[in-house]
Amino acid sequence: MSQADCGTPPIAPTPIHARLALLAGDWTGTTTVWFEPGVVGDVSPVAGSIRSVLGGRFVVWDYAGSLGGKALAGMLTLGWHVDRRRYETSWIDSFHNGSAIMSCVGAADDSAISVLGHYGPEGGEWGWRTALEFADTADTLIIRAWNIAPGEPEALALESRLQRS
C-alpha cells in the first residue's frame, strides 16, 4: 500500500507546509561539531535527502555522516501542527540520542525554522535547539544546533552547511 492509499484525508495546505516542501531534495555538505564553546571538535562530510511525506504534512531528513571517523546516521521528522500553530519534530540518530527519540517544538519564525527539545536524565535535562534556514539561495541549507546546559546560556554545538545536489 502506498502513502496515497492510506485513507488519510488531505490537510488544507498552509504557507508553512509550502515552506516545508521547499526543503525537499538531496543534500550534501559538511558538519562542524563543537563539544565546548569555541573549540571545533570535528569536521566531516554529511549527505542525505529530505522528502515530503503523508500528503505534505511532514518532511523527513534521512542523513549519514561521521563523527571522529565513526559512521553515524539519523532521521529528523518535521511538521507544522495546524491546530497548535507550531513546528513539531522527532529526531533519532546513532550518536547524539542513544536509544531516545527527542521531541522538539517551535513557533513560526520568518527567517528560520527553530525548535527546542530536551535530552538527558530526568531532573538534569539539557536543552537542544535546532534551526533550519536557507542561506543565500534555496540551494544552500544551514542546520544549526545549540546545546543548553542547565542554568547556562546556549552554545553552538553543530552546524551543517548543505548544498542541494
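Trainee: Let us begin with Ser44; is this residue buried or exposed?
Mentor: In this predicted model, Ser44 counts as buried, because its relative accessibility is 7% and the limit for that class is under 20%. Ser44 is located in strand E2, which covers residues 39–53.

Trainee: Which residues is Ser44 in contact with, leaving aside its neighbours within four places in sequence?
Mentor: They are Gly29, Thr30, Thr31 and Ser66.

Trainee: For contrast, how should I read Ser165?
Mentor: Ser165 belongs to the segment after E10. Its relative accessible area is 63%, so Ser165 is classed as exposed. Even so, Ser165 touches Asp26, Trp27 and Thr28, when residues up to four places away in sequence are not counted.

Trainee: Turning to charge pairing, how many salt bridges does the structure hold?
Mentor: There are seven. One of them joins Arg86 and Glu88, with 2.7 Å between the closest N and O atoms. Arg86 is partly exposed, at a relative accessible area of 25%, and Glu88 is partly exposed with a value of 25%.

Trainee: Which parts does the pair of Glu133 and Arg144 tie together?
Mentor: The closest N and O atoms of this salt bridge are 3.0 Å apart. Glu133 is in strand E8 (residues 126–134) and Arg144 is in strand E9, so the pair ties together parts 11 residues apart in sequence. The two partners fall into separate accessibility classes: Glu133 is partly exposed at 25%, whereas Arg144, at 18%, counts as buried. Glu133 and Arg144 also belong to a network of salt bridges that includes Glu159 and Arg161.

Trainee: Where do Arg164 and Asp139 lie?
Mentor: Their side chains meet in a salt bridge of 2.8 Å, N to O. Arg164 lies in strand E10 and Asp139 in the loop between E8 and E9, so this pair ties together parts 25 residues apart in sequence. Both are partly exposed, Arg164 with a relative accessible area of 24% and Asp139 with 39%.

Trainee: How does one find the empty space?
Mentor: A probe the size of a water molecule is rolled over the atoms, and this shows where empty space is left. Here the count comes to two cavities of 30 Å³ or more. The largest cavity has a volume of about 250 Å³. Of its 19 lining residues, Thr31, Tyr63, Trp91, Leu158 and Ser160 are the closest to the centre. E1, E2, strand E3 (58–67), strand E4 (70–81) and E10 each give two or more residues to this lining, and E3 has the largest share, with five.

Trainee: What classes of residue make up the lining of the largest cavity?
Mentor: It has 12 nonpolar, seven polar and no charged residues. The second largest cavity, of about 30 Å³, has a lining of eight nonpolar residues with no polar and no charged ones. Among the residues that line it are Leu23, Ile50, Trp61 and Leu132.

Trainee: How much space lies in the largest pocket?
Mentor: About 180 Å³. Of the 13 residues that line it, Phe95, His96, Tyr119, Trp128 and Asn147 are the closest to its centre. Strand E1 (25–36) gives the largest share of this lining, three residues. The lining has 10 nonpolar, three polar and no charged residues.

Trainee: And how does the second largest pocket read?
Mentor: The second largest pocket holds about 150 Å³ of space. It is lined by 13 residues, of which Pro37, Trp126, Asn147, Pro153 and Ala155 are the closest to its centre. E1, strand E9 (140–148) and E10 each supply at least two residues of this lining. By class, the residues divide into 10 nonpolar, one polar and two charged.

Notes. Residues are numbered from 1 along each chain as its sequence is written. This is a predicted model: local features need pLDDT of at least 70, side-chain atom pairs count only at pLDDT 80 or more; totals for chains, interfaces and linings use all residues. Side-chain values use heavy atoms; hydrogens and water are left out. On a 1 Å grid over the protein atoms alone, a cavity is a set of points where a 1.4 Å probe fits but cannot get out, and a pocket is an open set with protein on both sides within 12 Å along at least five of seven lines; lining residues have an atom within 4 Å of a point. Grid points are joined across faces, edges and corners, and a volume is the space filled by probe spheres set on the points. Helices (H or I, at least four residues) and strands (E, at least two) are DSSP runs, numbered from the N terminus. Ala, Val, Leu, Ile, Met, Phe, Trp, Tyr, Cys and Pro count as nonpolar, Asp, Glu, Lys and Arg as charged, and the others, Gly among them, as polar. Buried means under 20% relative accessible area, exposed over 50%, partly exposed in between (1.4 Å probe, protein chains only). Contact means heavy atoms within 4.5 Å. A salt bridge is a side-chain nitrogen of Lys or Arg within 4 Å of a carboxyl oxygen of Asp or Glu.
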